[in-house]
Structure formats: structure tokens, C-alpha cells
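Subject: Handover of a structure

Dear colleague,

Please find below the structure that I am handing over to you. My notes on its aromatic rings and its nonpolar core follow.

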Amino acid sequence: MLTTAFIDRFYNLKTAFKAKHINCSLKDNKILFAFSLKEDLFKLGYLREPLTEKSHFTVMVDQILSLMDFVEYFKLNMKIGL
């Protein structure tokens, strides 16, 4: 699991997500990534703004796409036989 390619990708995450700190944990054939970010990736809008504000949905879609890119980047959707 800890190949040079994985470690290189892991360190690139800090830049890609603009994270202060990143951590990775492996246990029982599962992997957990933890990011220390300035903003909440799952927040949708603000209470004082209307729900019709399109920019909130654009941000949400961009965040979902970045998570999908993350899965593809680490090939988390494949069984690679490690």
C-alpha cells in the first residue's frame, strides 16, 4: 500500500485541497483520510441568503466533483490486489 506513487499522491493532496494538515490511517482493509481545512466541504449556503442563490449549488457540485476526483486519483474504486 505504501508505494512511492501513493506517498507522492498523498502529499499532493495537501496542495490540492489547500489543507493545513492531512492524515491517513489503514485498518481492517479500510483507508481513512483526514484533512484540516479552513472551510466545511459539506456546508450548503447560509441562513441569511435565499436558497435560489445559484452560487451555493455551484460550490456544492464542485466539492462533490473534487471528492470524485479524489477517489479516482487514489484508485479507491478499484481492487488492485494489494
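Across the whole structure, which is a predicted model, a search finds 2 aromatic pairs. Phe10 is buried because its relative accessible area is 12%, and under 20% counts as buried. Tyr11, by contrast, has a relative accessibility of 56% and is therefore exposed, the cut-off for this being over 50%.

Phe10 also pairs with Phe33; this pair is tilted, at 6.2 Å centre to centre and 35° between the planes. Distant parts of the chain are linked by this pair, since Phe10 belongs to helix 1 and Phe33 to strand 2 (residues 30-36), 23 residues apart. Both Phe10 and Phe33 are buried. Together, Phe10, Tyr11 and Phe33 make one aromatic cluster.

In soluble globular proteins, nonpolar side chains tend to be buried together. The largest nonpolar core here has 9 residues: Phe6, Phe10, Leu13, Phe17, Ala19, Ile22, Phe33, Phe70 and Phe74. Helix 1 (residues 4-16) supplies the largest share of this core, with 3 residues.

Apart from its neighbours within four places in sequence, Ala19 is in contact with Lys14, Phe35, Ser36 and Leu37.

Yours sincerely,
A colleague

Terms used: Residues numbered from 1 in each chain as written. Predicted model: local features only at pLDDT ≥ 70, side-chain atom pairs only at ≥ 80, totals over all residues. Heavy atoms only, no water. Core = buried A, V, L, I, M, F, W, Y, C linked by side-chain atoms within 4.5 Å. Buried < 20%, exposed > 50% of the residue type's maximum accessible area, 1.4 Å probe, protein only. Helix = DSSP H or I, 4+ residues; strand = E, 2+ residues; numbered from the N terminus. Contact = heavy atoms within 4.5 Å. Phe/Tyr/Trp six-rings, centres within 6.5 Å; stacked < 30°, edge-to-face > 60°.
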